[in-house]
Amino acid sequence: MNKAFAPALADFAPAPARQKMDTISRPSLSYWQDAWQRLKINKRALVSLYLVLGLLIFTLLGPILWNYDPALQDLDSISQAPSFSTTALFVDDPGIWEGVLLQESSTLPPVTGQSAVLGATRLNIEGTATTQYVRLSWEPVEGGAYYLVYRNDHQPESAEDLGLPLGQTLTARELSFEDRLQLQPQTYYYTIIASGGLREASDFATEAVELERAITVSQALERNLPATPGTRVELSAHPFGTDYLGRDLLARTMMGAQVSLFIGIAAPFIFVLLGVIYGGVSGYFGGKIDLLMMRFAEFVIALPFLLFMILFRIGFGIGPGESGIFPMLVALVLLSWPNVARIVRGQVLQLREEAFVQAARLLGANPAYLIFRHMIPNTMGLILVTLTFAIPMAIFTEAFLSFIGMGVAPPTPSWGSMSNEGIRSMLSTPHELLFPAFFISVTVLAFNLLGDGLRDALDSRMRSRE
Amino acid sequence: MTSVNQYALEVNNLAVEFTTYGGTVKAVRDVSFKLRKGTTLAIVGESGCGKSVTVQSLMGLIPMPPGKITSGSALLDGEEILGLKTERLNQYRGKRLGMIFQDAMSALNPTMTIGNQIAETLIVHRAMDKKTAWVEVLELLALTQISEPARRARQYPFEFSGGMLQRVMIAMSLACKPDVLIADEPTTALDVTIQAQILNLLRNLQEKQGLSIILITHDLGVVARMAHDVAVMYAGQIVETGSVDDIFYRSSHPYTVGLKEAMPSNKTVEQELRVIAGSPPDLFAPPEGCGFYARCMYAMKVCEKNSPPIFGNHHGARCWLHHANAPAHILQQSLKDPTN
Amino acid sequence: MTLYILKRLAIGIVTIWFIATATFIAMHLVPGNPLANEKATTEVIRANLERRYGLDKPVTEQYIIYMGNMLRGDFGIAFSEENRSVNDIIREHFPVSATLGVLALLFATLGGVLWGALTAIYRNRWPDYVIMFFVILGISVPSFVFAALSQWLILNLNQVTGSSILPVAGWGNFRYMLVPALVLGMSTMAYLTRMMRSSMLEVSNTDYIRTARAKGLSTTRIFIFHQLRNAILPVITVLGPAIAIITTGGFVVESVFAIPGLGRYFVQAVAQLDYTVIMGTTVFFGAFLVLMVILVDILYSFIDPRIRLQAEQ
Ligand SMILES: Nc1ncnc2c1ncn2[C@@H]1O[C@H](COP(=O)(O)OP(=O)(O)OP(=O)(O)O)[C@@H](O)[C@H]1O
Ligand code: SF4
Ligand SMILES: [Mg+2]
């Protein structure tokens, strides 16, 4: 019509036999192959699948690669920020330091009271400054009645910047101070101010002191390290830092992963299985049995979940400070199956009406065969999706209960109990909370996204639900 | 012709595509038809041939994306309505162009009373206040033969039966006295007696209000009963147009012939019901030549690679058999079919 | 309608009875009767306990006494404090939890509906992506992390501005409530947003929205009168579970923010093994949640005409 086309006479000869148009050109894929193809297109789901695999490797292989006792306490390196390798200096046991006193013979500079301007003092470090001790001494100041010692993390700009003093000397004769208070391998700024009693000097001396990590000979002996004072030794690294008892957080996170993922995966597996059986039976038989079974399931759903989790724990006689992994598992299973049962029942009810099931039934297949051979396999996709969504739910429950002290209790690490311990020092050493919390979040996220992806891939009809 | 348009609606060279993951679906390809004023044009064809897409693109109801109107024009009483912005289009649809759908239950808002759903149109298009609108609503419900309109108007869709809902749909689409009513399979979901009632209602309304109707259906029985003109669609194209007599007694396209043969009411008990073998082509990659080539008994070499133009004017057929060079005996054979 | 409500209430009462009984059984399963053990700090308390719970009587009789008390709305007496009844504790601490919970719920539902609607309107454009990013965060990050982070933020904010804009912890006027309520409602809001989004998208693909467009209604009108109302319905059905999540979530948030609510008290009671308080508050919380779910169901039946009609028949 549009383009000028003038067919020749020969074109009007009958056409040859045409092949059937409805032969399927695409290769036919099984349900699972097809689902896998579709999952692979979904980038988010694929990434989350890798995340889940990564988490499993972290949990199972991690402790082999990172062979560090998660329960080993090291009170010399508590609440350490993440660090890789550290060396420490062996030092003799500190002993008692005499300090520096002004000679008896020399006269004390006169105390001039408020009128005098008190000059700066010169600050010396005695010996090596290590995390064991820092020993300071200084020149006497005219008019000083005693001295105030300040320690800061930064160079103080003015007297107001100093904050509260670390300590003070009792008399003007004491010209030294030993600091052994929670020393970390970092740079401190020590400041000495002479005080005339009522007024303090506006001038002051500040010295930056870099501390080296050190362990004493007796500490080394405790840890079976060969000790020669003055030598250095490689100390274990803490990639995730340490907690408030100096335990290695990486090792604890791995061990916690085992606990959290065990609860998070074992419980859903069991209750999904239970739900599948219950829902399958209920849906298959239908009628009165179904009505009764579903009434009961609805009843269990109506129970306040977390309160019952706590009741179960108390019923098992588990006090505070004790780990109730097993009761938690039991409670999770007993309280969570009904949702799965409802979903499976709905699916089975639908399947019951399908032709192939009807046919099998007419052929005299027995119920167990029908349920397990026909219905469950056809419900598998839905079950898998339900399972994937149940896992983050269980992990969250574990974290929640352990966090409020109702689940896994210290010293057993789980991500929840570690968060519980970590949140206490959240403001000073956030890494103690952030590492376990990060793992909870990533796990929950990964399983949720994987669940979304699976749901979309397995059945596009399921997508509209939610 | 006088200055008054002869046609209520004139569609030319309409083409619609959908972009999907699997590729581009050419759902409607070069469709043209004319709806004479005060008459009914039936569009028939197999499921998936593009009937709904055709009329929905006129109403601006194609979801975009994935849909796209790639070409064409549609003149409603001489005014272009295709590809208008929503605000402009809203001056036509619901007001001068009404539409009813197949599944009335899902086509009505489940949480709004029937009365409010009808009144809404009046309030929006005819600037009525709620009270006057409701008076009109009751009249409309009475017009479409719904008993107890006052009580019914206050009910929700799920309290109605399917046939009643279709009447409600009709009342709603006629609220603003449109010139053209598009009915997309209005009776497919209904049983035969209700179907007859609805069709009668539509015919009465057409006579009373001078309505022009586009009626989409699979059912040639409905076509015979309602239509003045017919357009037969196949694989996104109109393959034959003509008056109802042209189509039924002088079909000139092999597909139309096949369609008629597949119609049960045309057969006596002994005659076997012949279905057209094969299935429509994949619209992702429509065939280069005639869309019916793979299933056509009379196919010729030319049909494979060359899309046939429409032969004929008032009664047109998109088939090479009507070409002057085509062997006349085959044409005769195709037309000699028992149903013709 | 009244029949429907009565039926729901009857089922609710059975559930509450079950909760009370389960609590009783749990308490009696504890090895070494906790009610009789030496933890009762003083003689006075011990005597009170015996009188109140009939500890010298057989278990069945104890159960009857206990149920009788519960029926009268008497949740018992505290274990570790003299002359403190659980009712007193509830009266003192529950209003705090309720205030916080209502704020959190309000914030979660309003936020959920608003953000959900926005994501649906801006589907696959940047506002959608941004909101959905936060939704994913809200769903995967535990509330105690939000609590800790927000405290840290408040501290820094106060430090930077040099004034205390918001309190870090404690309870008092609205300034104290704001952040804990946000934290408490966060995950629920994330869930509701997600739900609202998919519900909006589902509704926008329905036939009746197509009909509304065919009627020539403006986009705004369709959005408000047809889409929003139908999309909100599924969100309302999950308000019951949402209330449960917010109530129990309060245990964490109240603890972290040192808010003197019933949830924090409950957690402390469990830590101190104050069994009678645990018993009383568990039954109270259980009854509260069951009633809330019923309330939401009844509310829903008023909003959705389909349910209303079914209920009437
Ligand atoms: N939103 C869409 N996205 C992709 N493809 C679409 C969409 N809507 C319609 N199509 C395609 O357009 C083609 C025509 O569909 P249409 O609904 O117009 O058929 P129909 O003739 O009305 O069939 P029926 O008789 O079943 O209603 C179909 O092949 C369908 O796959
Ligand atoms: S053009 Fe050719 S293939 Fe197509 S209908 Fe006509 S004869 Fe058949
Ligand atoms: Mg259609």
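## Three chains, and how A meets C

Student: What does chain A have in the way of helices and strands?

Tutor: Chain A has 12 helices and 10 strands. Keep in mind that this is a predicted model.

Student: How much of chain A is buried?

Tutor: Of its 466 residues, 48% are buried. Take the contacts in chain A between residues at least 6 apart in sequence: 74% of them join residues at least 24 apart.

Student: And chain B, what are its counts?

Tutor: Chain B has 13 helices and 11 strands. Buried residues account for 56% of its 340 residues. For contacts between residues at least 6 apart, 63% join residues at least 24 apart.

Student: What area do chain A and chain C bury between them?

Tutor: About 3,300 Å², with 82% of it on carbon and sulfur atoms.

Student: How many salt bridges and polar contacts cross over?

Tutor: The rule finds 1 salt bridge across that interface. It also finds 2 residue pairs in polar contact.

Student: How far apart are A:D452 and A:R455 in helix α12 of chain A?

Tutor: They are 3 residues apart in that helix, so about one helical turn separates them.

Student: Are A:D452 and A:R455 buried or exposed?

Tutor: Both are buried.

Student: What else in chain C should I look at?

Tutor: The side chains of C:R197 and C:D128 meet in a salt bridge, 2.9 Å from N to O. C:R197 sits in helix α7 of chain C and C:D128 in helix α5 of chain C, so the pair ties together parts 69 residues apart in sequence. C:R197 is buried at 18% relative accessible area, under the 20% cut-off. C:D128 is buried too, at 2%.

Student: How do A:R345 and A:D290 count, buried or partly exposed?

Tutor: A:R345 counts as partly exposed at 22% relative accessibility. A:D290 counts as buried at 8%.

Student: New topic: α6 of chain C. What span should it have?

Tutor: It has 19 residues (143–161), so at 1.5 Å a residue it should span 27 Å. Its end C-alpha atoms are 27 Å apart, which agrees.

Student: What covers its buried residues?

Tutor: The cover includes α10, α11 and α12 of chain A, plus α5 (126–140), α7 (174–204) and α10 (239–256) of chain C. The buried residues include C:F144, C:F146 and C:I154. After α6(C) comes C:G162, with a positive phi near 70°.

Student: And α5 of chain A, how many of its residues are buried?

Tutor: 26 of 37, so α5(A) is largely enclosed by the rest of the structure. A:G286 follows α5(A) and has a positive phi, near 65°.

Student: Which residue in chain B has a positive phi without being a glycine?

Tutor: B:A127 is one of them, at about 50°. B:A127 lies in the loop between α4 (114–125) and α5 (130–143) of chain B. It counts as exposed, at 68% relative accessibility.

Student: Last one. What does A:S48 touch?

Tutor: Leaving out residues up to four places away in sequence, A:S48 touches A:A446, A:L449 and A:L450. A:S48 lies in helix α2 (residues 43–60) of chain A and is buried, at 1% relative accessible area. A polar atom of its side chain lies 2.7 Å from the backbone oxygen of A:A45.

Key
Residues numbered from 1 in each chain as written. Chains lettered and ligands numbered in written order. Predicted model: local features only at pLDDT ≥ 70, side-chain atom pairs only at ≥ 80, totals over all residues. Heavy atoms only, no water. Buried area = accessible area lost by both parts, 1.4 Å probe. Salt bridge = Lys/Arg side-chain N within 4 Å of Asp/Glu carboxyl O. Polar contact = N/O pair within 3.5 Å; in protein donor to acceptor, adjacent residues only side chain to side chain. Buried < 20%, exposed > 50% of the residue type's maximum accessible area, 1.4 Å probe, protein only. Helix = DSSP H or I, 4+ residues; strand = E, 2+ residues; numbered from the N terminus. Contact = heavy atoms within 4.5 Å. Expected span 1.5 Å × (residues − 1).
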